[in-house]
Amino acid sequence: MPAAVVAGLGSWLPPRVVTNHELTRRLDTTDEWIRSRIGVTSRHVVDPGTATSDLAVEAARRALRSAGVPAAGGVLLATTTPDRPCPATAPEVAFRLGLGAVPAFDLAAVCTGFVYGLATGAGLIASGILESLLVIGADAYSTILDPEDRTSSVIFGDGAGAVLLRAGDPEEPGALGPFDLGSDGELADLITVPGGGSRQRSSRTPPDRGDQYFKMDGRAVFGNAVARMAGSSQSALDKAGLRTSDVDRVVAHQANARILDAVAAELGMDRERFVSNIARVGNTSAASIPLALDHAVRDGELRAGHRVLLTAFGGGLTWGSTSLRWPGTGLPEEQ
Ligand code: UT7
């Protein structure tokens with residue numbers, strides 16, 4: 001059975017940077033609180049009129065260029081902020097990339113979307129349905145945040161990251177290892193945009209004020225994020241026959257720097273092995289892991305041959321992990 005191999009990597013951030021200081025001008029918060037409680041100094045935010053597809057196309061172009069190929073056999077876009085509720089955003093991304101009539105679909109698993117996307121891509125490639133696939137994580141979270149909610153406004157940022165998967169050998173560098181995936185819908189209300197879906201629309205009453213915005217029970221989510229990312233990481237490593245000591249780098253969903261500290265402690269791993277770009281990009285939801293991968297390679301933190309553990313957690317609740325040996329060749333291309 002062919003394995004899905006990472007053959008290209010790219011990312012994109014919208015140019016506008018919003019610093020903590022800028023947020024303190026309109027919200028009751030401080031730079032010190034945001035840095036100490038979350039580990040964020042600044043984040044990138046889309047300009048008016050920019051949509052998730054715009055970010056996704058830029059990241060995907062870079063992933064294709066880094067792989068040295070002009071096209072892919074399909075597009076999977078993990079996002080919580082599609083351009084429109086209907087249709088999916090991926091077909092438009094595929095069209096704008098000039099990929100022709102390839103299969104293209106969105107995947108909704110909030111901050112776990114990219115890892116769920118890799119698993120889906122691995123399955124499509126292993127079954128022979130596709131020879132290659134762009135897996136993109138892109139979110140314009142700023143478009144669903146309540147501008148008056150100081151807790152969520154300080155955490156999230158916008159961005160996109162993408163990998164090109166191609167069919168290859170399970171033993172070659174870049175081959176995705178076994179996956180651990182899970183969900184707990186009993187806790188669906190911990191992270192939600194309550195309005196705009198069929199539950200609210202079928203009531204035939206307009207949404208309550210504020211229900212179109214993202215809501216999160218941060219404290220409850222925090223504990224779940226730590227427990228699920230640590231547990232899922234361990235399961236994925238067990239399935240791959242690896243120990244935590246075999247892992248050179250952990251690329252975890254950049255939810256909160258303190259969550260990364262706690263996951264490292266739970267796994268008994270040095271925090272230095274966890275790559276982190278949260279200070280400059282915030283929590284970018286589905287884009288978080290591919291953006292962190294891209295930045296880690298550019299910063300020289302992640303190198304060819306490194307054994308990498310990927311782990312994510314998000315709304316749903318959902319979580320997932322996998323591992324790979326970093327391929328390194330030509331990844332990523334210059335921005
Ligand atoms: O990506 C998907 C998953 N998401 C996550 O994993 C996020 C998980 N949760 C978190 O990262 C953290 O829970 C938050 C960053 C959301 C909140 O941090 P916390 O340390 O859990 O703060 P808290 O909610 O316990 O609030 C502590 C205090 C409260 O004041 P009182 O009640 O102690 O007086 C809040 O009102 O901090 C206050 N607070 C703020 N203060 C200044 C909340 N937001 C802010 C703010 N600036 N922006």
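**Note on the interface between domain 1 and domain 2**

1. About 3,200 Å² is buried between domain 1 and domain 2, with 64% of that area coming from carbon and sulfur atoms; buried area is the accessible area (1.4 Å probe) that two parts lose on being put together, summed over both. The model is predicted: local features need pLDDT of at least 70, side-chain atom pairs count only at pLDDT 80 or more, and totals for chains, interfaces and linings use all residues. Residues are numbered from 1 along each chain as its sequence is written, and side-chain values use heavy atoms, with hydrogens and water left out.

2. The domain assignment, which is automatic or from a database, places domain 1 at 3-168 and domain 2 at 180-325. Their centres, taken over C-alpha atoms, are 14 Å apart. Domain 1 gives 46 residues to the contact and domain 2 gives 41 (contact: heavy atoms within 4.5 Å).

3. Zero salt bridges are counted between domain 1 and domain 2 (a side-chain nitrogen of Lys or Arg within 4 Å of a carboxyl oxygen of Asp or Glu). The side of domain 1 that touches domain 2 consists of 24 nonpolar, 15 polar and seven charged residues; Ala, Val, Leu, Ile, Met, Phe, Trp, Tyr, Cys and Pro count as nonpolar, Asp, Glu, Lys and Arg as charged, and the others, Gly among them, as polar.

4. The C-alpha trace spans about 50 × 45 × 40 Å along its principal axes.
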